[in-house]
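Visitor: I have a structure to look through today. Could you walk me around it?

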Amino acid sequence: MQTLFLDIDDQSPASVVAAYRRRAELSIAVANSENTQRLLIQYLHKPWYLLDAQPIALVAIVQFDLLQTGLQVHASVLPVEQFDAPFWGSQPSTDLVLSHLVKASAPWLNLSMPLGLQPVHIPKPWGQEVWFTGMEIRGQSGVGDGHFSLPLPWILDLLGESHSLTLLKVLDPFAEEVLGDLYFELHETKQEVYIVTRVDPQAWPDGVGEIFMGFSSEKRNQYPSREAFVQAYLAVVDEYRQLRQQLDAAMDGIGLPEHHARLSPVEIYAHKQQAIADLANMPPLIEKETLLRQQMNQFIARRPLRVGDVVKVPCLTPHSLQHGIQVVEFQTPVYERKILSFGQKVMTQVHWDTHEAMAIANLDEPRLDGLVAIHAGQSFLLELIADFDEFRVERLGCRSECSLDLAPSDGLLLMLIHGEASYIQGTSRQLDNTGSAIGLTPGSAWLLSAITGPLVLRLKPGALVLAAISSSQPWLDLPN
């Protein structure tokens, strides 16, 4: 086995890995040989997702195993200070490399297989977001092998997809009304789509939830012009905002019980709400808050939501997912929004953007676009649920047991929503496709890249898979 030592400056690790992978594939084609090559690449990782962060010196270990059945690529990344210096200039065995990675609590990832995404949970005033591909100062998702994990941006250095990877997350609001309602906000450039996965029966006993989406056409018809409607809405919001500030200040001044460490966010919120209600001068303000919030929300259009529903959020359309509705969200990886209103204190900024947002907002209720059937066969249904400029999202539902060939490409994200599914290396046309199938867990997600080898996706009846594709190429080899 040959180990090469590379110390690169401006050259990206991904370009180095791609070049040596092509050489390894050529070696298989020409010599039909079996051997192993390893790269040790020292480079500077630039944490673009953090504010004013200095570059981090990292070492990537990339191993190419040239087998007659195909090329296997394994990799890991370590900070330079955790890397054993005697490795440099030596020819360490694979066992020695793996032993060192275990000591450093670093995974040995098979880039030829789907990479399991390790989510990071981000608390929110209204609940939590679960980021599968999040990369910013509040947190970074990871990639793991079942034992250890790496920050997702580090492994993306080797794949070359860090800035363009679609953001995949779960929105998981509290079931309590108001507390679990998200910001009423709009986006200027961010494109996003929700897929409803749960409607909490505590919040919505009939199984039908709601999302605020756009403005009520019935309410708009009560005003002679757009300007009159906007001014009426702003007047109510401004009055509500002033009252909201009074209540938020009062809530901030209320202490917590001694056992607050054992309380959930919902219980803490309820404690503060009750404490405010007990103050002599607060009940009239609480009643007024409820009344103004209802008046404010009368301007807003509502759309019913059930499990399985898809909501594409147009740019410039104000929207607010309501309490107790869990969704999977795919979006462009940018952070920008304008908050029009919120039923509690905003923690990420000190102001609302209502006046600025209403100057550019689309006041119409967005139309409902039907889903497009890409393939409707006896065994499965593949639907296009969103087609944006930077990515598209498809949904694969299995009617009877089936096996489908995957066509991995850069930045392909898969998520099993429910049911039974697994994958296996090779293609459905290979006679030796008898290896061990790797089962997938509902609610988990994986990243596939151009390095990922050929795979067969096996689905049981009732399985449902979501896919986000950043290229124009299909991710499945569909039957004719």
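Visitor: Which helix holds Gln 295?
Guide: Helices here are DSSP runs of H or I with at least four residues, strands are runs of E with at least two, and both are numbered from the N terminus. The run that covers residues 283-297 takes in Gln 295, and that run is helix α7.

Visitor: Before we go on, what kind of model is this?
Guide: Residues are numbered from 1 along each chain as its sequence is written, and side-chain values use heavy atoms, with hydrogens and water left out. Local features need pLDDT of at least 70, side-chain atom pairs count only at pLDDT 80 or more, and totals for chains, interfaces and linings use all residues, since the model is predicted.

Visitor: Why does Gln 295 count as partly exposed?
Guide: Buried means under 20% relative accessible area, exposed means over 50%, and partly exposed is in between, with a 1.4 Å probe and protein chains only. Gln 295 falls into the partly exposed class because its relative accessibility is 28%.

Visitor: How far is the C-alpha atom of Gln 295 from that of Val 237?
Guide: Along the chain, Gln 295 and Val 237 are 58 residues apart.

Visitor: Is Gln 322 buried or exposed?
Guide: Gln 322 sits in the loop between β19 (319-321) and β20 (325-331). Contact means heavy atoms within 4.5 Å. Setting aside neighbours within four places in sequence, Gln 322 has contacts that include Trp 204, Ile 211 and Phe 212. Its relative accessible area is 5%, so Gln 322 is buried.

Visitor: Which side chain makes a polar contact with the side chain of Gln 322?
Guide: A polar contact is a pair of N or O atoms within 3.5 Å; within protein, one must be able to donate a hydrogen and the other to accept it, and residues adjacent in sequence count only if both atoms are side-chain atoms. At 3.0 Å, the partner of the Gln 322 side chain is that of Ser 320.

Visitor: Which residues of β18 point to one face and are buried?
Guide: Side chains alternate along β18 (residues 310-313).

Visitor: What is the bridge partner of Val 193 in β18?
Guide: Two strands pair if DSSP finds at least two bridges between them. Strand β15 (residues 192-199) runs antiparallel to β18, with four bridges joining them. For Val 193, the partner in β18 is Lys 312.

Visitor: Which residue of β29 stands opposite Leu 414?
Guide: In β29 (residues 445-448), Ala 445 and Leu 447 point one way, Trp 446 and Leu 448 the other, and all are buried. Strand β6 (residues 115-118) pairs with β29 in the antiparallel sense over two bridges, with Leu 115 opposite Leu 447. Strand β26 (residues 412-418) is also antiparallel to β29, over four bridges. Opposite Leu 414 stands Trp 446.

Visitor: Which are the edge strands of the open sheet of five strands?
Guide: The order is β28-β27-β30-β25-β32, with antiparallel pairing. Within it, β27 (residues 421-425) and β30 (residues 455-459) are joined by five bridges, and Ala 421 has Leu 459 as its bridge partner. Pairing on one side only marks the edge strands, β28 (438-440) and β32 (476-477).

Visitor: And what percentage of the protein chain's residues are buried?
Guide: The protein chain has eight helices and 32 strands, and its C-alpha atoms fill a box of roughly 80 × 55 × 40 Å along the principal axes. Of its 480 residues, the buried share is 53%.
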